[in-house]
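Colleague: I would like to learn how to read a model residue by residue, then as a whole. Can we take the features one at a time?

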Amino acid sequence: MAIVSFLQKFMQEPALFLGIIALAGFLILRERIERTIAGSLRTALGLLILSSGVNLMVQALLPLGDLAGKTLGLPPLKIDIGTSKIIAELGTQIGLVMLLAFLINVFLARITKLKYIYLTGHLIFWNAVIFVSAFKYLLGLDGLALLIVTSVFVGLYQTLQPWYTSKFDLFVNENAGFVLGHSASIPVLVTSLLTRLFSANGTKKGRSMEEIKFPKALEWLREPMLMMAATFLIIYIIMAVLNVPFVSEKAAAAGKDPAIWVILQALTFAAGFAILMVGVRMIIAELIPSFRGIAQKIVPGAIPALDCPLFFPYGQVSMAYGGLIGMLSMMVVSIIFAGFKYPFFIFAPTMSAWFHGATAAVYGNKYWGIRGAILGGVVAGALMGLGQAAMWPFIGFAIGDFFSWASDTDYVIWPLLIAVVARILGR
């Protein structure tokens with residue numbers, strides 16, 4: 001069990017996980033020792049830089065979610081178990097599921113035409129947590145049955161998810177050699193199918209969001225980092241005016257003047273994005289070449305499935321606006337449910353809404369231009385809110401707190417199907 005515990009902790013560190021994958025690839029390719037060491041370190045450091053950027057963005061987004069929740073007057077969270085307790089009590093099963101599911105994914109990639117290997121390390125952990133919870137509390141599985149069923153399900157998910165978005169991934173990144181491995185796959189899939197249909201397979205794309213013209217005095221907004229800083233500053237100011245006591249409390253806790261705290265929150269989000277992009281470029285430059293070794297020797301034709309920020313360079317303006325549209329769409333869904341006095345806390349976290357909306361918008365813009373980018377953000381925000389509303393009555397008592405800070409669409413849609421199976425079986 002000590003080995004399982006070590007492997008679980010190792011795979012929870014995406015930088016180390018990807019660094020080892022890159023090292024294996026370079027060794028198989030018999031690259032020079034200096035190239036092998038440098039490439040492996042750059043891959044690990046690239047992901048650490050990317051994660052640092054994401055953490056900064058999340059820190060800036062979370063208070064915005066709290067502000068919006070207070071403005072909407074949402075009901076409080078009601079949790080009987082909680083995600084932390086589940087991880088503490090089922091940690092061994094979760095670790096084994098992570099390991100077995102990864103091996104099943106590699107095995108399937110080796111023997112089938114589905115050549116995709118899921119390498120988004122932190123999501124390999126959360127895939128195990130969410131689906132162990134779903135099979136335990138929805139189907140009532142336990143012990144060996146829980147371990148086997150969940151491992152097979154997660155292994156299949158980590159093989160099939162990159163497959164069902166791969167055609168669109170490679171269209172968006174122009175066959176760059178990697179596909180999407182992320183729990184945002186449902187809005188990406190829906191957006192891609194709709195925009196491909198509306199644009200006649202991209203032949204009627206229309207004007208791209210990347211070509212938006214600004215007045216000369218506002219041309220600086222074409223730079224995504226500056227546009228994010230300006231936009232989030234406006235949003236923060238509006239929310240702060242509506243919730244002065246809350247902002248004063250947060251600012252006091254941070255030892256800042258309220259006005260300065262608001263400005264820094266907006267600028268921190270933009271700074272986080274700039275850092276994220278540095279990490280993305282380092283990973284693409286090192287991991288993809290190293291993966292050729294694995295593709296040639298272990299799993300011929302293998303393609304890495306990677307995190308959604310790897311797609312941001314293919315539509316930076318679309319990404320910036322799509323994230324905002326995703327947040328606004330999610331808030332509209334929350335307002336509708338609050339208006340109908342829905343008894344559960346329906347408010348997908350701003351962090352998840354932004355990342356899902358941003359990713360879907362990059363895909364939508366590639367097929368259908370500005371209209372596609374807007375549709376991607378709307379689809380992502382709406383699916384998050386509606387999926388959360390559908391899942392709460394089934395498994396909210398166990399992992400409802402997870403929905404409040406990371407309501408990824410795959411984590412509400414796929415467990416919903418498990419809930420349907422449970423109802424059919426009379427569980």
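Modeller: Start with Ser-208, which sits in the loop between H8 and H9. Helices here are DSSP runs of H or I of at least four residues, strands are runs of E of at least two, and both are numbered from the N terminus. This is a predicted model: local features need pLDDT of at least 70, side-chain atom pairs count only at pLDDT 80 or more, and totals for chains, interfaces and linings use all residues. Residues are numbered from 1 along each chain as its sequence is written, and side-chain values use heavy atoms, with hydrogens and water left out.

Colleague: Is Ser-208 buried or exposed?

Modeller: First the cut-offs: buried means under 20% relative accessible area, exposed means over 50%, and partly exposed lies in between (1.4 Å probe, protein chains only). Ser-208 has a relative accessible area of 5%, so it is buried.

Colleague: Which residues does Ser-208 touch, leaving out those up to four places away in sequence?

Modeller: A contact means heavy atoms within 4.5 Å. On that count Ser-208 touches Asn-365, Gly-369 and Ile-370. Arg-371 is 163 residues away from Ser-208 along the chain, yet their C-alpha atoms are separated by 8.6 Å.

Colleague: What do other such pairs look like?

Modeller: Take Gly-396, in helix H13. Its relative accessible area is 0%, so Gly-396 is buried. Phe-344 is 52 residues from Gly-396 in sequence and 8.6 Å from it in space, C-alpha to C-alpha. Then take Tyr-236, in helix H9. Tyr-236 is buried, at 1% relative accessibility. Between the C-alpha atoms of Tyr-236 and Val-247, eleven residues apart along the chain, the separation is 9.8 Å.

Colleague: How do I read a phi value?

Modeller: Most residues other than glycine have a negative phi. Arg-30 has a positive one, near 55°. Arg-30 lies in the loop between helix H2 (14-28) and helix H3 (33-72). With a relative accessible area of 77%, Arg-30 is exposed.

Colleague: And what is the phi of Ala-200?

Modeller: It is about 55°, positive again, although Ala-200 is not a glycine. The loop that holds Ala-200 runs between helix H8 (185-198) and helix H9 (224-242). Ala-200 is partly exposed, at 36% relative accessibility.

Colleague: Now the whole chain. How many helices and strands does it have?

Modeller: The protein chain has 14 helices and three strands. Its radius of gyration is 21 Å, close to the 22 Å that the globule rule gives for 427 residues, so the chain is as compact as a globular protein of that length. That radius is taken over C-alpha atoms, and the rule is 2.2 Å times the number of residues to the power 0.38. Along the principal axes, the C-alpha trace spans about 60 × 55 × 50 Å.

Colleague: What share of the residues is buried?

Modeller: Buried residues are 54% of the 427. Of the contacts between residues at least 6 apart in sequence, 81% join residues at least 24 apart.

Colleague: Which residues touch the most other members of the largest nonpolar core?

Modeller: A nonpolar core is a set of buried Ala, Val, Leu, Ile, Met, Phe, Trp, Tyr and Cys residues joined through side-chain atoms within 4.5 Å. The largest one has 123 residues, and Leu-119, Leu-276, Met-319, Trp-354 and Phe-355 touch the most other members. Helix H13 (residues 350-405) gives this core its largest share, 19 residues.
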